[in-house]
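Subject: The structure, and some notes on it

Hi,

Here is the structure I promised to send over. Have a look at it first, and then read on for my notes.

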Amino acid sequence: MVKITNHGIFYRHGEISDVRGMSKEEARRNTMSYSILNAHNVSKNPDYLNIKFDAMASHDITYVGIIQTAKASGLKEFPIPYVLTNCHNSLCAVGGTINEDDHLFGLSAAKKYGGIYVPAHQAVIHSFMRENFAGCGKMILGSDSHTRYGAIGCMAIGEGGPELVKQLLKRTYDIKYPEIICVHLTGAPKKGVGPQDVALALIGAVFKSGFVKNKVLEFVGEGIASLPMEFRNGIDVMTTETTCLSSIWETDKKTEEYLTRHGRKGDYYKLAPHGTAYYDGLVEIDLSTIEPMIALPFHPSNTYTIREFLANAPEILAETEKTAVEQLGIPEGRLDLQSKFYDGKMHIDQGVIAGCAGGTFDNLTAAADILRGKSTGNGAFSLSVYPASQPVLLELMKTGVAQTLVESGATLRTAFCGPCFGAGDVPACGGLSIRHSTRNFPNREGSKPSDNQIAAVALMDSRSIAATAANGGILTPADEFEGEFTVCDYNFDSGVYDNRVYNGFGNPKPEVELVLGPNITDWPEMPALADNVLIKAVSIINDPVTTTDELIPSGDTSSYRSNPIRLAQFTLSRKDPEYVSEAKKALEAPAQCILDRVSEILGKNTTASELQIGSTVCALRPGDGSAREQAASCQRVLGGTANIALEYATKRYRSNLINWGMLPFTYKGDLKIEKGDYVLVPNVREAVISGAEKVEAYVINTEKTEKIELLLENLSAGEREILSDGCLINHYAK
């Protein structure tokens, strides 16, 4: 289904070719990515980019901290359109009034600084941006990892909040010119195959090898023409799960029609590689070979065709349960998925179609076609449907699609991202939910293994979810559907937004006071980097990948997002429940025997007051998943001074560490640090400022001292300044 070429290739007029007489450097400039990045680069160096974006977006888990940080750094008004949506905590009941308090803060900030405020239940963040802002050749930055609008010809990037702060303060997004990967599409999808099937096939092929990590995916080829726009959007938004930096697609008449339908015909122009283009690698997808897919717990890359899964279910489910024991630390047998496969059939407990990936008009229309005249049953299985925006819901009502879904037994909800991160439709303990949403990481469905709760999510396309629902909850691929799929013309009605969305861009009102609820607090003071740092290893994580959800849980804990101290109490709570108490203890003066060893290394008598004392998390590959800066800032609030990793799973997590003043150490070989060990890094401030990429460090415990080498590679001059100042807030204040 998917073929990978792990070396550079030339692409010309729809064909992969071996072009002679043309340099790679010259051909690199003929990609779509180069033209867009170059147009937004304000540096004079094409190899190191200083990007300024056209617009930005944040949701209600991130915008309070971003605006508070920017305000502390001198914010006067929003210099570019900044959209504040309220799609993540609109249904959370945890914490009393604090969710709506944050929404009122967002509205007051939009008025004060000239922003755009989308009230709760109106739209999920990425649907709103697709409908209103994504345009050909533009660049958009969002504080959500699934910020992807490449199918509309817009290069979008999801990052942690501090990167948005930089844009608000008229600074830049600084990166080395990324490698560009050609994704060549041919053929056309078979009946019953949807965008999630294509996306899961792609993720399954590239994630584990890291083939596209921090690179740009450029979609080209004659296969694009066979895909409706929302089908393209559904593939595109899931490219985040490949760990790529961004994405961009060729545009065509369908793109123009989409933008025209949304009242933005002027945002269209033809995008395609110019002449001969050079790419750093190739992914070939024959769409006609894609089958209905399923991604089993606990990652979108854990993919199988549904046909393959059903043929080997006992063995595959046993392996999934083994992973649960190893990664979640739960007793063997607590997650009993094998019991759901009997009589040769897989029995599912719940179905959900939701969010920026699943809740589009096309996906829900296809689901309705399968469910028309059928019933989801009156047993344990349930189906919930979340249209991605109010305009989508309105059109579903006008066309009768909503009626068909409700008549089948599906529950129709509002625009809400909760099913993607564990704040909506939490299944029963032991349940298995199939979802057309973005992630199926541990606990993304809302269970709490530490409280003896465990459930799981498998990702599927809305079509196969509907086929399963129509079959009473028995797993069924949509290519078994014998009826016909309806092709409906979608009519976007902006009146829904005109009546509710506040648009203050270009009209800031400085006299407006920010509405500060009782849970909204300022960031605590963060110290600048000292000359000598002594950090205690308070958590050692040996999993192949550590997600941001494991570093700071999503779901109900996110209600405390605007209170740094309170939110920090949940840090690593589901992965390492001892972390918070151990991090706090690490701030205390170490035992005298440790200080004696420090004194020996430094060559002078040294007291605790002469050191910067803190803690570190040591993990193999931390930071996969969400862009939420809290994954780093919560560690920092508790005294976190560094992370030590073999490598970082995503650029955005590493950027969050840097922007919060945490040293992003890496190492080569085996890590010889155990929980409770101290790591002394002498002269680290000088090393950071001078640009050193290798630093001398010492692992110290009560029995021995061992010299090691830590790496500080690929840090820009600006990032080194932020680290030396202690965090981005300190840097701008300075």
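Two strands are said to pair if DSSP finds at least two bridges between them. Strands (E, at least two residues) and helices (H or I, at least four) are themselves DSSP runs, numbered from the N terminus. Please keep in mind that this is a predicted model: local features need pLDDT of at least 70, side-chain atom pairs count only at pLDDT 80 or more, and totals for chains, interfaces and linings use all residues. Residues are numbered from 1 along each chain as its sequence is written, and side-chain values use heavy atoms, with hydrogens and water left out.

Let me begin with β12 and β13. Strand β12 (residues 216–220) runs parallel to β13, and the two pair over 4 bridges. V216 has S246 as its bridge partner in β13. Together with helix α8 (residues 229–237), these strands form a right-handed β-α-β unit; right-handed here means that, with the strands pointing away from the viewer, the path from the first strand over the helix to the second runs clockwise. In a regular strand, side chains alternate between the two faces of the sheet. In β13 (residues 246–249) both faces are covered, with S246 and I248 buried on one side and S247 and W249 buried on the other. Buried means under 20% relative accessible area, exposed means over 50%, and partly exposed lies in between (1.4 Å probe, protein chains only).

Next, the sheets. Strand β2 (residues 9–12) pairs with β14 over 4 antiparallel bridges, and T276 in β14 is the bridge partner of R12.

Another open sheet has 6 strands in the order β9-β8-β5-β6-β7-β25, with mixed pairing. Here β9 (155–158) and β25 (502–503) are the edge strands, each pairing on one side only. Strand β8 (residues 139–142) and β9 are joined in the parallel sense by 4 bridges, with G158 in β9 as the bridge partner of G142.

Now to the helices. How many of the 12 residues of α7 are buried? The count is 10, so α7 is largely enclosed by the rest of the structure. Among them are P195, D197, L200 and V206.

Helices α13 (residues 361–371) and α17 (residues 462–470) have axes that come within 8 Å and cross at roughly 25°. That makes α13 roughly parallel to α17; angles under 35 degrees count as roughly parallel, over 145 as roughly antiparallel, 65 to 115 as roughly perpendicular and the rest as oblique. Axes are lines fitted to C-alpha atoms, for helices over the stretch in contact, and angles run from 0 to 180 degrees between N-to-C directions.

Finally, some backbone details to look at. The peptide bond from P297 to F298 is cis, with omega near 10°, and F298 sits in the loop between β16 (293–295) and β17 (303–305). H13, in the loop between β2 and β3, has a positive phi near 50° although it is not glycine. H13 counts as exposed, at 62% relative accessibility. N683 also has a positive phi, near 55°, and is found in the loop between β32 (678–681) and α25 (684–690). At 47% relative accessibility, N683 counts as partly exposed.

Best wishes
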